[in-house]
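Here are some exercises to work through with the structure open beside you. Try each task yourself, then follow the solution step by step.

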Amino acid sequence: MRTLSRRAEAFRPPRFPFGDMTLTLTLRTAFSRARSLVLVGLLPLLTGGWTSGPQSTFETHGPVAKTQLDVFYVTLWVSVILFVLVAAVLAYATLRFRVRSGDLSNQPPPEQSHGNPLIEIGLIVLSIGALVIIAVPTMRAIWYTYDVPEAERANAYEVTATGYQWWFKFEYPQEQIEGSGALVTGNELVIPAGRPVRVNLRTVDVIHSFWVPKLAGKVDMMPNRGNHLWLKADEPGYFWGQCAEFCGESHAVMRFRVIALSEADFAAWLAQQKSPARTVPGTQIGATPAAGTPRVEFASYKYEKQRPNSPGWSEGFDRAPFAAWQQKQQVDAGEKPELIAQGRKLFIEKKCAGCHEVRGHEGAGISGPNLTRIGARTTIAGGLLENTEQNLHRWLTEPNNVKPGNKMWFGGYVVRNSETGAWEEQFSINDDEARSLVAYLHSLK
Amino acid sequence: MQAITKSDFIGKDTAAAEKRPFVFTRPTAKTGLVSWLTTVDHKRVGLLYGVSSLIFFLVGGFEALLIRIQLAVPNNTFLSAQTYNELFTMHATTMIFLAVMPLSAAFFNYIMPLQIGARDVAFPRLNGFAFWVFLAGAIILNVGWFVKSGAPDVGWFGYAPLTSTAYSNQFATDMSTDLWVMGLQILGVSSVVGSLNFIVTIINMRAPGMTMMRLPVFTWMTLITAFLIVLSFPAITIALIALMMDRSFGTSFFEVSNGGLPILWQHLFWIFGHPEVYILILPAMGIISEILPTFSRKPLFGYPIIVFSGAVIGLLGFGVWSHHMFTTGMGTMATAAFSIATMAIAVPTGVKIFNWIGTLWNGQLQMRTPMMFALGFVWMFMMGGFSGIMHSAAPADAQQQDSYFVVAHFHYVLIGGSIFALLAGIHYWFPLIFGRKVSEAWGKFSFWAIFVGFNVTFFPMHFLGLNGMPRRTFTYDGNMGWNSANFIASVGAMILGIGMAVYFVVMLYTYFKGEKVGRDPWGARTLEWSIPNPPPEYNFAVIPTVHARDAFWYEKNHRDEIEREKAKSAAEEESHGGIHMPSQSWFPLLAAMALLTGGLFFTNHNFMGAIAGGVVLFIAVYLWAWEGPGGYHLHLDKDGNPIEPKDGQAHH
């Protein structure tokens, strides 16, 4: 499998999309030399790697983002050249015609000239010319990026992404499950690599925007409007995405991931996803717990309370995110059936089942993310926290400190008193309960 | 009708004014609080606009510093998400509507009548009203900081349906969005009223010989901006009324559950919002077009082209609004059309840059502080212009939209553009307005601190945006490659803050203790410099006759001819009764206060209070009409000092 080497890709000279445009060869050569000089030599020096990162628009991994980047480079170079020309004249004029002596009142003024129409018209024509250079690739790219090209349409895969305050639901209309409709996941969109994917964009509340910079530019999810975009991942990989339209209190932490799999891996993943939730033997509701009441020491981790807004990512994960995702598909070692059974009961007692669905287990709620395979996802809380025991524990015990204003807290843990309008606690989750819930949720692979 | 015929000032002074009812007694205080509250003098209104907009500029700047502190390091907890959202909403709203627009209006008010050789604007009381209404709107917008619900937090373009009661009222009883709606609505009244006044003034009150093609460019840009305001504000007024109806009376313009269309808000908002961008930048271009010729000792290069390109920008500005909406799924054809229209608007903008450089060419450039800010403007505005061209390519914009790249772009045109020009204007006209000159050393120091701080803050944001950082995010993780750029931007913001602080401290110092200067210290070219500083209440002892563009430059070179002409005009004017001055009035203030209280009641959904405010407004406007335009005549002695009229004689 390919791991994402970000830095190596960052400064690869981009292809200049002048394909069928009539520019002289010499100009192109000069252009290309200047380009490599600046790009390879200066940019990293100037920017110290500011063009590289999980959401870099410079490191494209698909044709849509690539096309958009190419258009950007056309605008960039036309702008840079014009800027250098105009700025040089401006700088020259400023230095050449400045006077150092303070008092000019006794000196004769310069010639009181009023302008030169020929120069003006010449410059206007030149600027129009420069804009045409930008306009041509722009037009071509507008049509290309709008929808899956005709030739590839038959091969296209379709998914529907729906924005919620503040998470994403992903539906697979082509994957129908007997008795429960289309396959549904949340916050991590798994797609086949090398195939165009048409993403239908919907929202249930306010405007959100679907943005995976390395695969495609953003398109908004508008209420009462059926938007879409298309993207294609050239190769399997793990990509960061984020909501790009301000959508309320926790807009900043409304994130998601896209995982592209090879055709075979994708088929296997689909088959796995379509089956009901995994049940660890002996943990069904009503089954006798194997070893009595679960105790704290059963849990494999010690929870440390975090301050609000503390980071939920780790370097180890980021070094090889795709491998981390694959690891996550495996069943955890050392599962504790006692804790899992207890967690499954708590899932009902703590009203989780009212908003979340675990297909095949309890719960058919649709207002929160579908949790049927939550254990196999790399992130929780809308792509915000890495899916570790620590983080899940933190999310379950103090959701409002992780994602302010979220609806698991408001309307779940606390509800509004209809008379006073005040928010009152409906339930809370203590550390022991959280450990059981973590064990149960992580068993859902 | 009676009142109007009585005020007919062409003719002799009335022998003795008849007794008038108490409510129609015109205030006559020339100093003290009452003189400011009832002022109709365009220069005083200009100063009121200037001082209040600078105070709001400092407030908006403080909000920006808090934002940059929060973003200095990843996962910061300096601000909560809610506070951060309120801060960026109010930062933008304050800077656009309460700082840059009214600061431009301050110059329109103070400078424009002087440039066209007028004694006041066409409707002096309406001018006072525009200011007090502005203040009312500004107060309503900011009231949120002091009440439980908090300040508005929906972003400065308030996209529906986030502004609906369902989403902005989710977790608290919330009137912040109502405050935002009402505040903007009332500010719109102020802008439209003020603009109509400027249009009528420029069309009707030019001195003899001041043809349209002899107007100073700043006055031209005032005229174009005023037309933009009058034509674009109706769109946002409609949008805000629809939103107000949705929130207060359960209509469904944008209410999704009842079939409302949030996209409608975006179209209405940006049909206003894009001309608004030019409302913010055209006055700045006007100021620059005054400063560069003065300090080059040369006329503006290509005056007609500068004027027409300003008008073309204004016109095209109405045809590009959807480039703010490239990611809303408009479809290929609309996207392509708006993409090309946006590229087209770069041409007249580029033309202005060429002409400014042409103005410098072969000149005698004096590097005074206003000139430094003006040249800084040209450089920074070019950078903002070029990143604007990058946005016009819709496919590239799909990556840039709502990212920090956009944040960098509009700060380059709004700070590097508008604010630099306005700061240049303050420096430039300070000697005229206060008769004192800012120290060159301190002026240049503040320029360099602002210039460096500004670039260190906003240049890295281009990279943040292209590296995938969305705007309006209260936090970011440390693994995204955004840490160093954000930290540098925050350091830059502190430098910028220090530069601004120096600038304002130096201005305050100069106001009290600065070096006194005589008339026309810069060797300027336009009429406002032909009068003593600070300007007398009546502006021009004799209305000038204009013979050329750059009227004052012509005057300076034809002294004898002008002297003879002035003596003749003065005698003529005296035979018509002397210098006519408008009377002060309480009613503009009263009407604006009615809007303020009514508006506040409405935002609190206290409709009886709102109606009461409306009634007071109606009464105030009615009385305003019935007190008549008023006016009195001044007669000057040899030194230009008014001869005090015998009590009650000269006042109608």
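## Exercise 1: A glutamate in chain B

E573(B) is buried, with a relative accessible area of 17%; buried means under 20% relative accessible area, exposed over 50%, and partly exposed in between (1.4 Å probe, protein chains only). Before going on, note that this is a predicted model, in which local features need pLDDT of at least 70, side-chain atom pairs count only at pLDDT 80 or more, and totals for chains, interfaces and linings use all residues. Residues are numbered from 1 along each chain as its sequence is written, chains are lettered from A and ligands numbered from 1 in the order in which they are written, and side-chain values use heavy atoms, with hydrogens and water left out.

**Task.** Find the helix that holds E573(B), and say which side chain makes a polar contact with the side chain of E573(B).

**Solution.** 
- Step 1: Locate the residue. E573(B) belongs to helix 18 (residues 559-575) of chain B. Helices (H or I, at least four residues) and strands (E, at least two) are DSSP runs, numbered from the N terminus.
- Step 2: List the contacts, meaning heavy atoms within 4.5 Å. Leaving aside neighbours within four places in sequence, E573(B) touches R119(B), A541(B), V542(B), I543(B), G578(B) and I579(B).
- Step 3: Look for the polar contact. This is a pair of N or O atoms within 3.5 Å; within protein, one must be able to donate a hydrogen and the other to accept it, and residues adjacent in sequence count only if both atoms are side-chain atoms. The partner is the side chain of R119(B), at 2.4 Å.

## Exercise 2: A sheet in chain A

**Task.** In what order do the three strands of the open sheet in chain A lie, and which are the edge strands?

**Solution.** 
- Step 1: Strands of a sheet pair through backbone hydrogen bonds, either parallel or antiparallel. Here, two strands pair if DSSP finds at least two bridges between them.
- Step 2: Read the order. In chain A it is 5-11-10, with mixed pairing. Strand 5 (188-192) and strand 10 (237-242) of chain A are the edges, each pairing on one side only. On average, neighbouring strands of this sheet are turned by 25° against each other, direction ignored.
- Step 3: Zoom in on one pair. Strand 5 and strand 11 (residues 255-261) of chain A run parallel and are joined by five bridges. Opposite L189(A) you will find V258(A) of strand 11 of chain A.
- Step 4: Helix 5 (residues 263-274) of chain A lies across strand 5 and strand 11 of chain A, at about 130° to strand 5 of chain A. Axes are lines fitted to C-alpha atoms, for helices over the stretch in contact, and angles run from 0 to 180 degrees between N-to-C directions.

## Exercise 3: Where two chains meet

**Task.** How many salt bridges are counted between chain A and chain B, and which side chains form the salt bridge?

**Solution.** 
- Step 1: Count the residues. In chain A, 102 residues are in contact with 110 residues of chain B.
- Step 2: Find the area. The two parts bury about 8,800 Å² between them, 67% of it on carbon and sulfur atoms. Buried area is the accessible area (1.4 Å probe) that two parts lose on being put together, summed over both. W50(A), F97(A) and F246(A) supply 10% of the area that chain A buries against chain B, more than any other three residues.
- Step 3: Apply the salt-bridge rule: a side-chain nitrogen of Lys or Arg within 4 Å of a carboxyl oxygen of Asp or Glu. The count is one, and the side chains are those of D477(B) and R255(A), at 2.9 Å from N to O.
- Step 4: See which element contributes. Helix 3 (63-96) of chain A is among those that supply at least two residues of the side touching chain B; with 17 residues, helix 3 of chain A gives the most to that side.
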